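Please look over the model shown here.

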Amino acid sequence: MGTTIKHSWAEPFKIKMVEPVFITTEEHRRKALKEAGFNTFLLHSDDVYIDLLTDSGTSAMSDRQWAGIMLGDEAYAGSKNFYHLEEAIQTYYGYKHVVPTHQGRGAEHILSQIMIKQGDIIPGNMYFTTTKLHQELAGGTFVDIIIDEAHDPGSSHPFKGNVNLQKLEDLIKKHGAAKIPYVSIATTVNMAGGQPISMENLKALRALTQTYGIKIIHDMTRVAENAFMIQQKEEGYQHKTVAEITKELCQLTDGATMSAKKDAMVNIGGFLAINDPDIYDEARNMVVIYEGLHTYGGMAGRDMEALAIGIKESVQDDHIRARVGQVHYLGNKLLEAGIPIVNPVGTHGIFIDAKQFLPHIPQDQFPAQALAGALYLDSGVRAMERGVVSAGRNKTTGQHNYPKLELVRLTIPRRVYTQAHMDVVAESVACIYSKRNQIKGLTMTYEPKYLRFFQARFKEV
Ligand code: F0G
């Protein structure tokens, strides 16, 4: 249902149940941060006041979704909730076949194992941590073909998720189309700051890949948010609904992996959706080994029901306007305070430019990691590093990958926090900005082999 609001927008819901959160003392937080090895992933959530670690699985479900939980059909095979989920995916996204998984990376694993051969190249609009790792574990090499502006936090390009088609053509010429099983396209691009791809660019990519017989696989984790940005910014889309634009995006691709813990507002869940019947057949077989039977894939029946309802809610214009509106509210507050953040503000969080915030800390002393720690210490707000720690090491040289973007992500869960919470966050960031010279760099004292950002430990230099 669309509305025309003359003045400010507000959330299209009211609050029916609350979950208390607690404010801790600075002394308590200092101890907690040390025990967590300066890694916000290792903090206990009880020690956190406002949790902006991630928007993944942290959103508030609606009363409709909770009602759906009570309709769980926990049959091992053929649960009716699976058929509801399948129908929702076909209706709102338009993909033909569905394989449920426990979350996004479960779908990435199955898809990568099926589609990637040793030595293959997988171009994409910037990497995502789990997606790239699954591509590598399947024998492939990810190559970034996003436009250069995406790596520049100062560039105000409206569609930083766009692909540079020339970079793709060069890759095809160099390696041959047969070495490229698919192009990996995310809506929106998480690591670039939640930046959207334009419909025009995706259409052009579709035309180019079709001439070479290359598929497009869609990481559709935040597709409704991308659709909203197209509605707001791209010519010719102002009068289309977010639901219509979402489906149009999906129809330009051959299949998708989905972390339903984001857009679709469930606490756990995901799926692989694919149009090709042969890939579907293989995926349906493989899911049995790693996730569960093809009619539940690691999810309980009740979770599939909540997801089917969440998909429908996620593409409503009123919902998405308030969701992205809240992110932009915080973004504007930080800009007013003169904080260096990634421009333009994306859809799922604010990304602070740690290189600019802490110019005295060299990148090999993990400025974004240090900044996330300083923010927690100041106010109990938990954020996440998205820089050199997340980028991991080069597969062949073993050296740190040094990404141009060294960021701290303030990720906003959907329908969870109020405008007053956003004010507190903005004040805290401004406070540490005023004493940024006192923040120290870090050294890594423990480094896990895979996806090190989740469990690495640090100490102050
Ligand atoms: N793709 C994107 C773009 C993601 O943001 C995520 C998860 C995944 C895939 C993997 O999905 O977690 O369900 O297995 N992102 C979370 C985050 C972890 O905090 O950004 P998953």
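The points below are grouped by topic.

This is a predicted model: local features need pLDDT of at least 70, side-chain atom pairs count only at pLDDT 80 or more, and totals for chains, interfaces and linings use all residues. Residues are numbered from 1 along each chain as its sequence is written, and side-chain values use heavy atoms, with hydrogens and water left out.

**Ligand site**

- The ligand is surrounded by 17 residues, each with a heavy atom within 4 Å of it.
- Arg-105, Asp-219, Ser-259, Lys-262 and Arg-409 are the closest.
- By class, the shell has 2 nonpolar, 8 polar and 7 charged residues. Ala, Val, Leu, Ile, Met, Phe, Trp, Tyr, Cys and Pro count as nonpolar, Asp, Glu, Lys and Arg as charged, and the others, Gly among them, as polar.
- Helix α4 (residues 104-115) supplies the largest share of the shell, 3 residues. Helices (H or I, at least four residues) and strands (E, at least two) are DSSP runs, numbered from the N terminus.
- Ser-259 places a polar side-chain atom 2.6 Å from a ligand oxygen atom.
- For Arg-409, a polar side-chain atom is 2.7 Å from an oxygen atom of the ligand.
- A side-chain N or O atom of Asn-190 lies 2.8 Å from a ligand oxygen atom. A polar contact here is a pair of N or O atoms within 3.5 Å.
- On its own the ligand has 470 Å² of accessible area, and the protein covers 96% of that. The areas come from the Shrake-Rupley method with a 1.4 Å probe.

**Helix packing**

- Helix α8 (residues 223-233) packs against helix α12 (residues 317-336) at an angle of about 85°, and their axes are 10 Å apart. Axes are lines fitted to C-alpha atoms over the stretch in contact, and angles run from 0 to 180 degrees between N-to-C directions.
- The α8 and α12 helices are therefore roughly perpendicular, a term for angles of 65 to 115 degrees.
- From α8, Ala-224, Glu-225, Phe-228, Met-229 and Gln-231 meet Asp-317, Ile-320, Arg-321, Arg-323, Val-324 and His-328 of α12. Contact means heavy atoms within 4.5 Å.
- This α8 contact with α12 has 5 nonpolar, 2 polar and 4 charged residues.

**Backbone**

- Thr-187 to Thr-188 is a cis peptide bond, with omega near -20°. Thr-188 sits in the loop between β5 (182-186) and α7 (199-212).
- Asn-343 and Pro-344 are also joined by a cis peptide bond, with omega about -20°. The loop between α12 and β9 (349-353) holds Pro-344.
- Met-126, a residue other than glycine, has a positive phi near 70°. Its loop runs between β3 (121-124) and α5 (129-137).

Methods. Parallel < 35°, antiparallel > 145°, perpendicular 65-115°, else oblique. Polar contact = N/O pair within 3.5 Å; in protein donor to acceptor, adjacent residues only side chain to side chain.
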